[in-house]
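Have the 3D view open as you read, and look up each residue when its name comes up.

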Amino acid sequence: MYFSSRLPHGFEPNALSASLAKLRYEGREILDLTVSNPTHCGFTYPEAEIRAALSQPAVLCYDPDPFGSPAAREAIASHHGHGLRAEDLLLTASTSEGYALLFKLLGDPGDEVLVPSPSYPLFEWLARLDGLRARPVPSYFHERWHLDLGALESAISPRSRAIVVVNPNNPTGQFLSKTEWKELTGLGARKGLALLVDEVFADYPLEAPTDQLGTVLLDPDPPCPVFLLSGLSKVAALPQLKLGWVAVRGPGASEYRSALAFLADQYLSVSAPVQSAAPTLLALAPGIRDQVRGRLQVNLNALDTALTAHPRLSRLPVEGGWSVLLRRPAVDSDEACALRLLETASTLVHPGSFFDLPGDGHLVISLLAPENFFREGLGHIFPLL
Ligand SMILES: Cc1ncc(COP(=O)(O)O)c(C=O)c1O
């Protein structure tokens, strides 16, 4: 049997996933401190309004537009503000699909995109499935996370096409600073690279520093092409509805948008129900986001309280996003530690290595878990770290 070389060599789960599946099969209750699926976290969604929005007469009509419905794009543009227009946007069936279209748009097989790391682990595969290579470029931590702009510039090769940044980053929570943005766009302009900026978590600042660039949309006229990605997954905590979008700004924006529409036209993957519901869903989103923000803050406070009794442990600042990095003495590898916590304390955390954190001594914890589970999980694992 032949599989394309884009795919992994095998599909075996890693040791942590295999152990989790085995324990669950045996009936063990697991406290999941990695949960990032908001629909499993006990939020109160305005159910009747969401159902009504998804059952309007328009759901029975098929009027495909490769850019996505104008009404949905209007609603998304006004959610973002900062002068974004409906015609700057193209809808996708998720942020992940947005990446797939952008990788097809910008690269030939064998080309590469630079990704400051640690970051969202899916990039490696999203790029590879489109024939590209995601090349990690380490960021560094000094009181906060910083992009290493010198290292990014040195990593640029004739095959480089774009730099992918997440603002704020997952899992480090790093917001781009205003200075970093200026240097990044300058680099893009000098080297002929596009910037792909994933702002799915931009509505969730927590301990954001004053020089943070809240959103790249504050720059109306960047000197290099800028593609912003976001979606309902985090903006409205509704990942199951599968609606994402790409906004295009900078030189060549209108040609890039036409080419993206050509790509989107081959799939027309965004469903009519979610497009017709989008204006209502975005109107409901602030109420849902408030609950998520409240949860993130309560869990962060609970973590700080728990840390006071465990001076060996500490956490990194959480500028934004849904997760926190816990620092622990690296007496074993992060993967071995996560496995140990799962098997002996029935609590699931992610090792830093899953996100390319350098060395050992970091665990990644989601701040989204229901408050009682979160506190209970910390109570189980802290004595073992
Ligand atoms: C940084 C980042 N981008 C994109 C996504 C996925 O978004 P979507 O559900 O729209 O594909 C996630 C999901 O966790 C994420 O962490």
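Before we start, one term: a polar contact is a pair of N or O atoms within 3.5 Å. Keep in mind that this is a predicted model.

- Asp 198 has a polar side-chain atom 2.6 Å from a nitrogen atom of the ligand, so the pair is inside the 3.5 Å cut-off and counts as a polar contact.
- Asn 170 reaches an oxygen atom of the ligand instead, with a polar side-chain atom 2.8 Å away.
- Lys 234 also points a polar side-chain atom at a ligand oxygen, here at 3.0 Å.
- On its own, the ligand has 400 Å² of accessible area, and the protein covers 88% of that.

**Where the ligand sits**

- Which pocket holds the ligand? You'll find the ligand in the largest one.
- Two elements each give two or more residues to the shell around the ligand: helix H4 (95-106) and helix H8 (232-235).
- The residues around the ligand are Ser 94, Thr 95, Ser 96, Tyr 120, Val 166, Asn 170, Asp 198, Val 200, Phe 201, Ser 233 and Lys 234.
- Sorted by class, that shell is made of 5 polar, 4 nonpolar and 2 charged residues.

**The chain as a whole**

- If you count through the chain, you get 12 helices and 15 strands.
- How does the radius of gyration fit, and what would a compact globule have? A compact globule of 385 residues would come out near 21 Å, and the chain has 21 Å, so the two agree.
- Along the principal axes, the C-alpha atoms fill a box of roughly 55 × 55 × 55 Å.

**Backbone spots to look up**

- The peptide bond running from Asn 167 to Pro 168 is cis, and its omega is near -5 degrees.
- Pro 168 is in the loop between strand E7 (160-166) and helix H7 (178-191).
- Pro 171 is in the loop between E7 and H7.
- His 82 isn't a glycine, yet its phi is positive, near 50 degrees.
- To find His 82, look in the loop between helix H3 (70-80) and strand E2 (89-92).

Methods: Residues numbered from 1 in each chain as written. Predicted model: local features only at pLDDT ≥ 70, side-chain atom pairs only at ≥ 80, totals over all residues. Heavy atoms only, no water. Near = heavy atom within 4 Å. Polar contact = N/O pair within 3.5 Å; in protein donor to acceptor, adjacent residues only side chain to side chain. Areas by Shrake-Rupley, 256 points an atom, 1.4 Å probe, with all protein chains shown as cover. 1 Å grid on protein atoms, 1.4 Å probe; cavity = no way out; pocket = protein on both sides within 12 Å on 5 of 7 lines; lining within 4 Å. Sits in = over half its atoms within 2 Å of the grid points. Helix = DSSP H or I, 4+ residues; strand = E, 2+ residues; numbered from the N terminus. Nonpolar A, V, L, I, M, F, W, Y, C, P; charged D, E, K, R; others polar. Rg over C-alpha atoms; globule rule 2.2 N^0.38 Å.
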